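I opened my notebook to look up a few things in this protein, one entry at a time. Come along and check each one against the picture.

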Amino acid sequence: MEAGTPLSSLCTPALVLDVEKVKKNALKMIERCESMGVTLRPHMKTHKTLECADIMTGGSRRCIVVSTLAEASFFAQHGYDDILYAYNLPFDKVERCAALSEKLDLFQVLLDHPDALQLLKKRPLKEGRLWHVWLKLDCGNGRAGILHSEPEALELAQAIAEAPGVELTGVYAHCGNTYHCKGVEQIQAVARETTNFTLHFMEKLKNLGISCKSSIGSTPSCSHPVKEMEQLSEVHPGNYAFYDVQQSLIGSCALEDVAVRVLTRVIGHCPHRNQLLIDCGWTGLSLDGAGKLPTGYAVIEGHPNLKLLSMTQEHGRVEPITGKLDYSKFPLGTLLSLIPYHSCATAMMHPVYHVTSEGRVVGKWAPTRGW
């Protein structure tokens, strides 16, 4: 397909990205972090592409976060360095981590348990290199991490700092609990709490004579940062380059900031059910967001009265929220544009992203896949 071709030429379902919105979202975050005086370490997990990474890092090809070793290897192969693998050290992947640590100037791992530290100590790196380790703190998110207030957290940090062949590079807290917020005030309350918990922990480290970096992050918190975050070393948001309906509901962005859409076609009329059949099932959109939107699994752009009621693997059922469908407005082959609830989940469903500018296709981005 030639660049500049119309969207109507795409085979559906197709994920399309407005590259101007991606650039605008990325630039806003870069400028926001510069004004705070903190380092932006963007997360790659949403898009997993070289092109978007270059936009988010301003072309530096440095200082990124990844969630899989497949991502780490992909970006390393394309000249990226200073990579943080922000996932609890997997016991089956230590050798892969070691290979990256011995290849790159700076490859960093994360852990939250003494057993993981023992694994690293048992696998010293070649040529006197150090394992660069971040301690994962739970500051209220309730997923991974050692609880910031527990004595064991400080003990583990001290053990990392004192371990031979290991360096305590930083303390990392993900404030994913901002995803339960509604509005800027709630977002900033969580961001402030997470930051203060992290900074308090850093003070305790300082009292032990230990110094290292500090990082918190999530797209909501970094879209509406609080002044306390200026005392951090880094922040690590990721979804912001694409955004999604979920982020617009939280208050991170406006719906018009969302850069991603899934195009789908009407492939059936079902008047006996007052429904349309479309060619996008959960393999093209994901099932994330079930029951969270009045419009179903997505927002159907330009059609506020339509609801994506349900999906099977390759089909979707659309019906009006009120009234009867006027099928003359939706002949077979009609293109509909779905704004996804969660762009990370939707992007994972597609082997290629169709990049658009001013409503026309200008290129393709191919994400890396796997773990």
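This is a predicted model: local features need pLDDT of at least 70, side-chain atom pairs count only at pLDDT 80 or more; totals for chains, interfaces and linings use all residues.

**Entry 1: what covers helix α4.** Which residues of α4 are buried? In this helix, which runs over residues 94-103, I listed Val94, Cys97, Ala98, Leu100, Ser101 and Glu102. I kept a general point beside that list: an α-helix has 3.6 residues a turn, so residues three or four places apart point the same way.

**Entry 2: α3 against α4.** Next I looked at how one of the covering helices sits on α4. The axes of α3 and α4 are 11 Å apart, and the angle between the helices is about 25 degrees. Angles under 35 degrees count as roughly parallel, so that is what I wrote down for α3 and α4. I noted the crossing of α3 past α4 as left-handed.

Which residues make this contact? From α3 I have Leu69, Ala70, Ala72, Ser73, Ala76 and Gln77, and from α4 they meet Arg96, Cys97, Leu100 and Lys103.

**Entry 3: α6 against α7.** I then moved on to another helix pair. Helix α6 covers residues 151-162 and helix α7 covers residues 184-207; they pack at about 55 degrees, with 11 Å between their axes. That angle makes α6 oblique to α7. How is the crossing of α6 and α7 handed? I recorded it as right-handed.

On the α6 side the contact has Ala153, Leu154 and Ala157, and on the α7 side they meet Phe201, Lys204 and Leu205. I sorted these residues too: 5 are nonpolar, none is polar and 1 is charged.

Entry 4: Where does proline 13 lie? I found it in the loop between β1 (5-6) and β2 (14-18).

Arginine 61 has phi near 55 degrees, and it belongs to the loop between α2 (50-56) and β4 (62-66). Tyrosine 243 has a phi of about 55 degrees, and its loop runs between β11 (234-235) and α9.

Are these residues buried or exposed? I checked each one. Arginine 61 has a relative accessible area of 24%, so it is partly exposed. Tyrosine 243 is at 5% relative accessibility and therefore counts as buried; the cut-off for buried is under 20%.

**Entry 5: leucine 255.** This residue sits in the loop between α9 (245-250) and β12 (260-270). Its relative accessibility is 33%, so I put leucine 255 down as partly exposed. What does leucine 255 touch? Leaving out residues up to four places away in sequence, I found Val245, Ser248, Val299 and Ile339. I also took a distance: leucine 255 and methionine 229 are 26 residues apart along the chain, and their C-alpha atoms are separated by 26 Å.

**Entry 6: valine 361.** I placed valine 361 in strand β19, residues 360-365. With a relative accessible area of 3%, valine 361 is buried. How far apart in space are valine 361 and leucine 10? They are 351 residues apart in sequence, yet I got 8.9 Å from C-alpha to C-alpha.

**Entry 7: the whole protein.** Last, I stepped back. I counted 11 helices and 19 strands. The radius of gyration is 22 Å, close to the 21 Å that the globule rule gives for 371 residues, so the protein is as compact as a globular protein of that length. Along the principal axes, the C-alpha atoms fill a box of roughly 75 × 40 × 35 Å. Buried residues make up 56% of the 371 residues. Of the contacts with a separation of 6 or more, 66% are between residues 24 or more positions apart.

Terms used. Residues are numbered from 1 along each chain as its sequence is written. Side-chain values use heavy atoms; hydrogens and water are left out. Axes are lines fitted to C-alpha atoms, for helices over the stretch in contact, and angles run from 0 to 180 degrees between N-to-C directions. Helices (H or I, at least four residues) and strands (E, at least two) are DSSP runs, numbered from the N terminus. Angles under 35 degrees count as roughly parallel, over 145 as roughly antiparallel, 65 to 115 as roughly perpendicular and the rest as oblique. A crossing is left-handed if the near helix is turned anticlockwise from the far one by less than a right angle, and right-handed if clockwise. Contact means heavy atoms within 4.5 Å. Ala, Val, Leu, Ile, Met, Phe, Trp, Tyr, Cys and Pro count as nonpolar, Asp, Glu, Lys and Arg as charged, and the others, Gly among them, as polar. Buried means under 20% relative accessible area, exposed over 50%, partly exposed in between (1.4 Å probe, protein chains only). The radius of gyration is taken over C-alpha atoms; the globule rule is 2.2 Å times the number of residues to the power 0.38.
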